Structure formats: structure tokens, C-alpha cells
Amino acid sequence: MTKKKNLAVVLLPMLMALTMGCGIFLGRYMNRKNLSQKEEKLRTVLRLIQSDYVDQIDVDSLLETNFPELLSSLDPHTAYIPAQELQAVNDDLFGSFSGVGVSFQIINDTVQVIEVVPGGPAEKVGIMPGDRIIMSDSINLVGKDVTSESVFKNLRGEKGSKVVLTIRRYGQKQEYVYDVIRGDIPVNSVDVSYIISDGVGYVKVSKFSRNTYMEFFNALNDLKFQGAESFIIDLRGNAGGFMDQAIFMANEFLPAGRLIVYTKGRKKENEYMAMSDGSGRFQDYPITVLTNESSASASEIFAGAIQDNDRGLIIGRRSFGKGLVQNQTELPDSSAIRLTVARYYTPSGRSIQKEYQRGDLKNYELDLANRYSHGEFYNADSIKVDHKNVFYTINGREVYGGGGIMPDIFIPEDTTGFTSYYMSVANRGLIQKYAYTVADKYREMLGSDRTLESFNKVLPGDNVLLENFVSFAVENGVPARWYYIGKSRELLLNQLKAMIARDVLGYPAFIELLNEDDNVVKEALSRIQNGESPVSIQKEEL
């Protein structure tokens with residue numbers, strides 16, 4: 001085993017250099033007459049290892065082991081996707097997979113159903129939120145060995161295939177057995193949309209998959225029908241996805257002839273310029289866009305287009321800074337690579353890709369940690385801005401390149417209530433566990449009236465809820481320290497209510513309740529209600 005490992009270490013630089021020379025993909029060169037000298041050299045080296053090396057070496061395995069490191073030496077976002085992982089990666093981007101249609105969490109070694117997809121296979125047979133899945137076919141899904149990966153493996157499968165699920169339901173002694181026929185399950189990228197205040201719609205977009213634009217467009221129309229006259233678009237935590245979906249979204253808000261994004265690559269076919277066509281239905285609706293350090297790629301395309309065209313305010317914290325464009329190519333063995341083929345630029349001409357050194361992934365991966373340690377999450381003055389790398393929006397406002405989208409309105413990370421007591425209960429997962437223990441009671445009290453308004457009515461008063469939680473925490477090893485509990489009171493209550501609502505009502509209710517205590521959302525709401533815009537912000541600065 002040691003010899004094989006040492007061989008890999010010795011050969012890696014050689015393989016990287018040689019494979020870089022031949023363009024990586026040996027499978028494309030079936031005719032030896034078309035091989036360059038370096039390509040033939042690589043084939044010879046691999047053949048010699050396979051036939052003459054002192055130990056028997058699986059060359060395929062050797063290459064599989066070194067492909068990820070080889071590709072990562074190009075840039076931080078070129079990547080190799082093994083065949084066994086490709087399906088899961090594609091499911092997330094292409095917006096659907098085949099399964100039973102539930103979302104779940106594992107608490108106390110038990111798989112609990114959080115949500116059931118409307119019209120999905122699980123709902124059709126009668127599985128309900130709050131149910132515990134204890135078996136899938138003959139596989140036990142209870143115990144310390146159960147992981148999210150093992151649950152996914154058992155619940156997902158080919159469309160039309162059957163899985164037998166054994167369910168334990170709160171308040172029922174008997175177990176229920178359901179034959180579920182797997183079907184296509186949509187992966188939603190618009191997590192939540194609702195009227196957050198009179199005339200203001202809120203939309204949270206979690207990713208840019210193949211269906212994102214249509215989900216987004218439908219959400220805007222639904223909110224418009226409900227009376228929305230302006231929108232808050234939340235892209236915090238959205239790591240991106242398909243570029244075209246961000247372009248379609250931006251087009252909804254821009255007048256004709258506005259530049260949205262353009263790309264530059266080594267090949268002409270990888271260069272692209274997207275302009276708005278004037279067909280957008282929401283060109284006159286005020287908008288704000290929320291970003292943070294985890295908003296990347298397509299999120300930054302959208303935010304950059306809105307900012308550079310002075311179409312709306314960007315509120316929150318500096319985005320991630322990913323300005324590289326990847327094409328995904330599937331290989332003959334069903335693995336794939338995502339190869340960087342271009343850089344993208346915002347309308348003002350900014351490349352928002354943050355700096356990186358080729359082959360130095362470590363520092364790149366530590367970038368967010370470094371931002372945190374430098375105080376950037378808490379103080380706008382701590383953000384390193386390259387004032388020489390200045391660009392101008394359509395109305396002449398200064399914006400900066402060199403790493404992410406800087407918000408127009410900076411809101412620091414809110415650490416109010418982050419006491420040692422809060423950290424103790426949060427790190428032990430006690431807020432989630434408490435929500436899990438009481439959710440069934442409130443679910444039963446609500447009956448069929450599953451609304452947030454009714455939920456708030458059945459919850460006990462704040463003092464009782466907090467005291468009940470503190471007693472639960474004491475039982476689980478965290479002593480009551482009321483001085484610190486008092487300082488964390490609002491944070492604890494907000495998260496307790498949100499977690500219980502998630503288990504009883506689903507993810508949208510969870511986000512709605514969290515937003516009530518979210519300083520970024522509050523600021524966005526205030527700015528949009530006061531009619532503030534990039535132009536008004538510019539006048540204030542002047």
C-alpha cells in the first residue's frame with residue numbers, strides 16, 4: 001500500500017505536466033497517427049507502468065486519484081466529478097431527480113419527514129409531515145449508523161421503481177407500511193416567496209438550476225397578484241449555477257438595450273454578450289437585492305447587472321467573488337469535468353473574480369475565514385478595496401473590481417445575543433432537538449389549519465416557551481445561566497419559533513419567522529418603503 005502511495009506521489013508531477021500537454025483527454029485520441037510527441041510519450045509511460053512496474057498497479061485508479069489535483073492546479077473552480085457523484089451533481093443543477101418526494105432531517109438517530117412534495121409519490125400514498133421513516137424495504141433507518149447519504153440512497157431510485165416504507169406516526173401505536181412508486185421530483189430553487197409587508201414581495205432564490213427563471217417569474221407574478229408593488233430578492237447563500245437563468249432574471253427588470261453580462265475566453269465560441277430585450281414585465285418595480293459572502297457566480301451576475309445599471313440597491317455584505325465560467329463535459333466513463341473556459345464581466349467592465357494563485361487552493365479556500373478574521377463581516381472599513389480598479393455605473397457611481405460585488409448598503413453580521421449560553425445550546429443542536437420534541441404536539445393542535453397565523457396562536461407565551469426550553473437544556477447538560485439567557489432572549493425565541501415552525505409547517509414558515517429578526521431584511525424593507533434608489537444614495541454621498 002505504501003509503495004502504491006509513493007508511486008502516486010512520484011508520478012503526479014510527471015502526469016500533471018504530460019497530461020496538461022496533451023489536453024487531459026486521452027479518450028479523444030483513438031488514432032495514433034493524430035497523437036503529438038508528448039501525447040505518445042504519456043501513453044508510453046502509462047503502458048510501461050501497467051506492464052513492467054514491480055508492483056501491479058491499476059492505472060485507471062492512479063489516474064482517478066490524481067485527476068482532481070491535476071485539474072485544481074489550473075484554477076480554483078475547474079473540477080473533476082467522479083462518475084458516482086455526477087448524477088447527484090446534475091440532479092441539483094438540472095432541477096429534478098427520481099425519488100419519493102419528501103425532505104427530512106435526522107434527529108436522535110431517527111429520520112423525520114419535514115415536508116412532503118405536493119402531488120409527489122409520498123403524498124399520494126398518505127405519508128405526512130412529522131412521520132418517522134423507520135425502514136426502507138428491508139433496510140433499517142433507525143440508529144447511529146444512519147446518515148443523510150444512506151437515506152438518500154434508499155429513497156432515491158429509478159422512476160417507476162417501488163420502495164416499501166415503514167412509518168411510525170406520532171400518537172399511533174401501530175406502524176404503517178406504504179408501497180411508494182418513485183417518480184420525478186422537482187428540486188425547487190425559489191425557496192420562499194410571500195408578501196413581507198404591504199406592497200412588498202420577498203423572494204428567496206437558493207440556486208440557479210435549469211428551472212430557476214420560470215420559478216422566479218411565477219413567484220413575481222403571484223406576488224404581483226397579491227398586491228406587491230416592489231420586491232426584495234434574497235440571494236444570500238446562493239452559490240450560483242446556470243448563467244443564463246441569471247440573465248433571464250435580470251432581463252425582467254431592465255429596459256431594452258442594457259448590458260447584463262459579457263464573457264471573455266480564449267476561444268470565440270466561449271465569448272458572449274447578453275443584452276436586455278425590453279420584454280421584462282417588472283421594469284418599473286422597485287427592487288433591492290440581498291447578498292453576502294456566500295453569494296457567488298450567477299448570483300453575482302444578477303447583482304452586478306442590477307448595480308451597474310443603477311436599477312436597484314444591493315444590501316448586505318460583499319459577495320464571494322467567482323467570475324470564472326465553467327463548461328461541463330461528460331467523459332466516456334460517465335465522469336465529467338467542469339473546465340474554466342472564460343471570465344465574466346459586469347456591465348461596467350468589472351471582472352469580479354477574486355485573486356488566486358494557480359495551484360494554491362489552500363489560500364483561496366481560506367479566503368472567507370480570512371475575511372472574517374480581518375473583521376470584514378462586521379465593519380465595512382475592513383474590506384480591502386482596490387481604489388485603482390475603479391469602474392462606473394450607468395449613472396456615474398463608482399464601483400470596484402477585484403473581488404466580489406460590494407453592496408451599496410453594508411450591513412454587518414448580527415451577533416447580538418451571541419452569548420456563551422447561546423453558543424452552548426446552539427453547538428449541541430439543542431434548539432433543533434427541542435423543536436423536534438414539541439413539534440408533534442403543535443401539529444396535532446393545528447389539525448388541518450396549517451397557517452403561520454394559527455401556529456402563532458397555539459404557541460405558548462414567550463416566557464413559557466423560553467422557560468420550557470431552558471429546562472430542556474438543563475436536562476441535556478447545559479445549566480441555566482439567566483444573565484446570559486436574558487441577553488440572548490430575542491435570538492433564542494426567534495430561532496425556537498422558526499425551528500418549531502419548520503418542523504410543523506415547513507421551510508417557508510421557517511424563513512418567514514427568521515426574517516422578522518433579520519437586520520438585512522429589515523434594512524431592505526426600510527429602504528424600499530422609503531423609495532430609496534441608487535440615484536438617491538448617490539445624491540446623499542455627494
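This is a predicted model: local features need pLDDT of at least 70, side-chain atom pairs count only at pLDDT 80 or more; totals for chains, interfaces and linings use all residues.
As for Leu220, the C-alpha atoms of Glu252 and Leu220 are 10.0 Å apart in space, while the two residues are 32 residues apart in sequence.

Let me turn to the sheet. Strands of a sheet pair through backbone hydrogen bonds, in either a parallel or an antiparallel manner. Here we have an open sheet of six strands with mixed pairing, and the order reads β10-β11-β12-β15-β16-β21. Its edges are β10, residues 190-197, and β21, residues 409-410, each of which pairs on one side only. Within the sheet, β12 (residues 230-234) and β15 (residues 287-291) run parallel and are joined by four bridges; Asp234, for instance, has Leu290 in β15 as its bridge partner. Lying across β12, β15 and β16 is helix α9, residues 298-308, which runs at about 135° to β15.

Which helices pack against each other at about 20°? They are α12, residues 420-427, and α17, residues 489-505, with axes 10 Å apart, and that angle makes α12 roughly parallel to α17. The crossing of this pair is left-handed, and the contact is made by Tyr421, Tyr422 and Val425 of α12 together with Leu491, Leu492 and Gln495 of α17. By class, the residues of this contact are five nonpolar, one polar and no charged.

The other helix pair is α13, residues 430-446, with α15, residues 462-475, whose axes come within 10 Å and cross at roughly 110°, which means that α13 is roughly perpendicular to α15. The α13 and α15 crossing is right-handed. On the α13 side, the contact is formed by Leu430, Ile431, Lys433, Tyr434 and Thr437, and on the α15 side by Leu465, Asn468, Phe469, Phe472 and Ala473. The residues of this contact divide into seven nonpolar, two polar and one charged.

Key:
Residues are numbered from 1 along each chain as its sequence is written. Side-chain values use heavy atoms; hydrogens and water are left out. Two strands pair if DSSP finds at least two bridges between them. Helices (H or I, at least four residues) and strands (E, at least two) are DSSP runs, numbered from the N terminus. Contact means heavy atoms within 4.5 Å. Axes are lines fitted to C-alpha atoms, for helices over the stretch in contact, and angles run from 0 to 180 degrees between N-to-C directions. Angles under 35 degrees count as roughly parallel, over 145 as roughly antiparallel, 65 to 115 as roughly perpendicular and the rest as oblique. A crossing is left-handed if the near helix is turned anticlockwise from the far one by less than a right angle, and right-handed if clockwise. Ala, Val, Leu, Ile, Met, Phe, Trp, Tyr, Cys and Pro count as nonpolar, Asp, Glu, Lys and Arg as charged, and the others, Gly among them, as polar.
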